[in-house]
Amino acid sequence: MTEKSLPVRLKNFVLTMGAALAFVYLFLPFLTNSCGVLSRMSSYLDDNGIDPTRYYYTDVAQVKEGEDYLRFALEEK
């Protein structure tokens with residue numbers, strides 16, 4: 001396998017990062033705003049303070065209620 005020169009690798013890296021950033025910050029917001037269902041979901045998440053980037057939703061009120069219910073149900077037995 002031939003190794004590419006540093007300028008070629010840097011050019012490929014910059015192009016790849018540019019494409020990824022354009023996809024995330026240009027295409028996806030455009031898609032969200034142009035599709036009614038996605039726009040409503042985005043508004044709902046913003047209005048309820050839900051951060052969709054979190055892996056665990058520990059700060060959502062409904063999760064807290066569910067945790068309290070499970071804790072109460074398990075402590076009874």
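**Helices, a kink and a pocket**

Trainee: How do you know how far to trust the protein chain, going by pLDDT?

Mentor: The scale of pLDDT runs from 0 to 100. The protein chain averages 85, and 88% of the residues score at least 70. Confidence is highest in helix H1 (residues 6–34), at 94, and lowest in helix H3 (residues 61–76), at a mean of 80. Where pLDDT is low, the predicted coordinates should not be read in detail.

Trainee: How do you know what span H1 should have?

Mentor: The expected span is 1.5 Å times one less than the number of residues. H1 has 29 residues, so it should span 42 Å; its end C-alpha atoms are 40 Å apart, which agrees. H2 (residues 36–47) can be checked likewise: it has twelve residues and reaches 16 Å from first C-alpha to last, close to the 16 Å expected.

Trainee: Where in H1 is the kink centred, and what makes up its angle?

Mentor: The angle lies between axes fitted to the seven residues ending at a position and the seven starting there. In H1 the kink is about 35°, centred on Phe-23.

Trainee: What makes up the lining of the largest pocket?

Mentor: A lining residue has an atom within 4 Å of a pocket point. Thr-32, Asn-33, Ser-42, Leu-45, Asp-46 and Pro-52 line the largest pocket. H1 and H2 are the elements that give two or more residues to this lining, and H2 gives the most, with three. By class, the lining divides into two nonpolar, three polar and one charged. The volume of the pocket is about 200 Å³.

Definitions and conventions
Residues numbered from 1 in each chain as written. Predicted model: local features only at pLDDT ≥ 70, side-chain atom pairs only at ≥ 80, totals over all residues. Heavy atoms only, no water. Helix = DSSP H or I, 4+ residues; strand = E, 2+ residues; numbered from the N terminus. pLDDT = per-residue confidence, 0-100. 1 Å grid on protein atoms, 1.4 Å probe; cavity = no way out; pocket = protein on both sides within 12 Å on 5 of 7 lines; lining within 4 Å. Points joined across faces, edges and corners; volume = space filled by probe spheres on them. Nonpolar A, V, L, I, M, F, W, Y, C, P; charged D, E, K, R; others polar.
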